[in-house]
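Thanks for coming. I will show one structure and then go through a few parts of it.

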Amino acid sequence: MTHASVQQRTLQSRALADIVVDRIWRFFCSVRAAVVEIAILALLVLVGTLRGSSVPQAIADTFPVTAPIVDRWYAWDVYRSLPFAGILTLLSVAIAVCTINRAPGIWQAIAHPSVGTTHGFLRNAETSASFAASIPPHAFAGQLGTALRSKRYRVLTEERNGEVHLYADRWRFSRLATFPFHLALIMILAGGIVGAAWGFRENEFYIPEGSVRELGHGTGLHVRLDDFSEVYREDGTALAYRSDITLMRDGQPVQSGSMTVNNPLTFGDIVFYQSGFGQAVALKIEDSAGQVLFDDALPLGPFQSRLNPDSPAARIDLLPAGVALSVVAPDENPANAPELDTLQLRPGQMFFMIRPLGADRPIAEPIGATVSQGDSIQLGDLTLTFVRERRFSVLQVARNPGIPLFIAASVLLIGGLAITFYFPHRRVRGIVSTTTDGSVARLAPIARRDWSAKRVFERLALDIGRQLGIGPELHVNEPASALTGSRQSVRPSL
Amino acid sequence: METLVRLSFYCFAAATIAFAASALCYVAYAIGRVRLRQTTLATNAGTTMVSHEASLEPASLGIGRFATLLAWFGVAFQVASILFRTVAGGRLPLSNMYEFSSTFVLLAGVVYLLFERWYGVRQLGAIVLPLIVGMCAYIWLLPAELREVNALIPALQNRPLMTIHVSMAILAYATFAVAFAAAVLFLVANRWQVAWLPSPDLLDDLGYRAVTIGFPAMSLVLILGSVWAYRAWGTYWQWDPKETAALFTWLIYGVYLHTRSLRGWRGSRSAVILLVAFAAVVFTYFGNYVFGGLHAYGGV
Ligand code: HEM
């Protein structure tokens with residue numbers, strides 16, 4: 001192989017790679033592709049939304065043929081699926097690439113816009129205005145510039161073939177606002193990833209009044225529920241409830257405070273929420289040797305006892321004694337099914353029952369008994385004391401390091417949108433040329449098919465005319481979209 | 001208290017009547033007058049032939065003005081209705097479907113009338129006002145218990161956040177209704193060249209302007225909803241159906257905004273996307289009937 005042919009092949013493959021890279025780059029920059037990507041994302045979100053609906057189930061019930069499909073559809077967790085992650089990744093990359101791609105051009109348009117234009121552009125503009133004056137073009141362009149500047153437009157001029165070309169714009173920096181807006185979208189996703197990777201969330205942190213529980217998750221914190229209170233409405237539904245807690249580290253209190261629904265307690269970047277509450281029972285359990293196996297409160301609620309499925313109940317495993325203890329409280333809701341209540345407990349009573357945890361255990365059969373508050377009973381080897389009734393509170397505890405990103409993104413998103421929409425970049429081009437009795441200026445906005453921008457320009461033209469004492473002539477070309485294209489010139493009275 | 005609630009309802013009834021009358025006038029104004037022309041021709045055979053020709057002409061400006069006036073009446077009654085209810089409940093009425101929809105009726109009326117003033121066109125009313133009347137009918141059909149003023153469950157008790165979150169949602173939906181009307185008229189005007197309809201360009205712009213209010217409002221709804229969820233439930237996004245339905249709607253309007261800068265899309269195709277997007281709004285609004293979720297309380 002000669003040296004030349006090697007070079008040739010490298011060139012060819014370089015060209016191929018270039019083409020591929022260029023294609024991919026252009027795919028990511030394409031707004032058309034972005035539209036499709038956003039539409040696909042929207043479709044997936046719609047599918048996820050409809051998952052909670054019973055309509056597909058109804059379809060499956062009516063047409064059993066569709067049942068397998070409907071079942072699979074219900075089973076599909078869209079938001080954790082590969083296509084969903086894929087489309088989010090694709091959009092993020094597209095936004096990043098698109099930003100890199102657009103930035104130089106937009107900056108150019110802001111910092112160094114081209115001033116020169118053509119008579120054709122002005123003539124064919126959907127709206128334009130001409131002003132006549134009896135002074136030379138230079139002087140007239142100066143006057144127009146002053147008038148435009150007084151309307152807060154930036155004015156740039158350039159001389160070409162004895163004519164003065166003029167470019168004026170306003171709110172040019174609003175062109176940049178699209179970047180914070182689009183980047184905010186990536187930041188929100190990033191916030192979600194950061195939160196999932198480095199945060200934690202404890203949905204059901206049960207803690208009885210007066211008890212201390214370890215928070216875990218590497219926080220080194222213990223939580224003590226000092227007090228719990230609630231307010232009911234007449235119909236028995238909860239109006240408000242509140243937990244007062246103390247956070248402790250190494251046995252020392254570090255913060256106390258209270259929380260209600262919607263008013264969480266914050267410690268550093270950890271947030272404690274009031275989520276629910278229920279009944280608890282304070283218990284003391286000793287074995288035959290007098291050793292205390294348990295001296296704490298037990299939340300009743302997360303467990304259902306067969307003895308009365310409607311009552312608050314709890315179960316704990318006492319490993320040293322080799323038994324499981326269940327506690328059932330009285331059923332105080334008259335609306336519950338009384339026929340299922342095999343215990344018939346009265347207020348102030350609890351039912352305790354222990355059963356063996358394994359086969360070769362001292363107690364072979366479950367044994368249970370009803371106990372009143374303050375009393376003790378003997379079950380097998382154990383002495384159980386029903387100390388008193390308590391309440392427990394359910395907290396949610398979360399740490400989400402993605403929140404600052406999320407907040408920053410929200411500000412950028414709303415700010416970016418507001419600037420883009422409410423302070424749009426307005427641009428005007430024009431040429432001032434010599435006539436027999438002085439000069440004429442023709443100005444037109446860059447506002448193709450933009451009704452508002454055309455109105456803004458027309459108002460601007462009238463204002464400038466008033467300032468200079470010249471009645472402008474407005475020219476209107478119906479946009480190409482209308483079939484009956486017409487041209488008219490009007491001279492508005494001032 | 002009782003009296004105020006009843007008074008509020010009477011005002012709503014008056015508003016319904018005003019809006020219904022206004023809707024009729026707007027429709028009459030937009031359709032124009034049907035002019036029947038009779039031509040009599042003499043034939044060679046000495047007989048005469050009569051030909052009838054129907055044509056449409058712009059309606060008189062008077063009926064348009066009357067429509068606007070009635071719409072303002074409707075708005076005034078609805079303001080009174082909401083005021084009475086606010087006093088009765090000690091809070092803005094935003095918490096169940098009855099209250100939410102009443103506020104929507106008010107805001108849709110106000111937003112529409114503002115756009116009518118800004119753009120100086122009335123034909124849009126022929127679409128927006130019937131929508132408002134439909135909403136009033138829906139309110140009438142809601143169970144009567146919802147007309148009572150109730151205390152709120154704890155999760156809904158964050159007043160400033162709830163007020164802004166929900167009223168932004170209503171504002172967004174109201175502007176989207178106007179954008180929808182603009183899209184419908186755009187498609188009509190673009191297809192049939194009805195001389196007295198506003199120019200397609202104006203309608204395209206009007207729809208876009210409405211979205212430039214609705215889209216940021218909808219973004220705020222999503223953001224404030226997350227902030228609220230974070231404060232109440234400890235997580236800012238739960239993929240709850242109402243949340244995702246709102247996100248879906250927001251994304252469709254995102255698609256719309258992009259298509260406006262695409263050659264060959266701006267105009268008719270953008271308008272069609274606006275129709276789809278408004279379907280998404282309706283879906284989000286009434287979604288509680290389709291899916292459950294956290295937003296299901298408050299009596300639908
Ligand atoms: C979920 C994803 C996205 C959403 C919600 C979104 C939303 C928006 C919105 C609301 C606008 C209008 C604001 C303006 O005119 O500047 C816009 C404009 C724009 N977006 Fe996006 N966008 C998304 C993704 C993308 C992607 C992936 C690209 C890159 C290919 C992109 C490129 C653009 C461009 C070029 C404009 C300016 C269009 C114009 O000048 O009229 N967007 N986007």
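I start with A:His182, which counts as buried because its relative accessibility is 16%; buried means under 20% relative accessible area, exposed over 50%, and partly exposed in between, with a 1.4 Å probe and protein chains only. This is a predicted model, where local features need pLDDT of at least 70, side-chain atom pairs count only at pLDDT 80 or more, and totals for chains, interfaces and linings use all residues. Residues are numbered from 1 along each chain as its sequence is written, chains are lettered from A and ligands numbered from 1 in the order in which they are written, and side-chain values use heavy atoms, leaving out hydrogens and water.

What are the protein donors of the iron atom of the ligand? They are A:His182 (NE2) and B:His258 (NE2), lying 1.9 Å from it. Donors are N, O and S atoms within 2.8 Å of the metal (3.2 Å for Na, K and Ca); water is not among the atoms, so sites may look incomplete. This pair crosses between chains, from helix 8 (residues 178–198) of chain A to helix 7 (residues 241–259) of chain B. Helices (H or I, at least four residues) are DSSP runs, numbered from the N terminus. B:His258 counts as partly exposed, because its relative accessibility is 21%.

Next, helix 7 of chain B packs against helix 8 (residues 268–286) of chain B at about 170°, with axes 9 Å apart. Axes are lines fitted to C-alpha atoms over the stretch in contact, and angles run from 0 to 180 degrees between N-to-C directions. Contact means heavy atoms within 4.5 Å. The two helices are therefore roughly antiparallel, the term for angles over 145 degrees. Among the residues that meet are B:Phe248 in helix 7 of chain B and B:Phe278 in helix 8 of chain B.

Technical notes
Angles under 35 degrees count as roughly parallel, over 145 as roughly antiparallel, 65 to 115 as roughly perpendicular and the rest as oblique.
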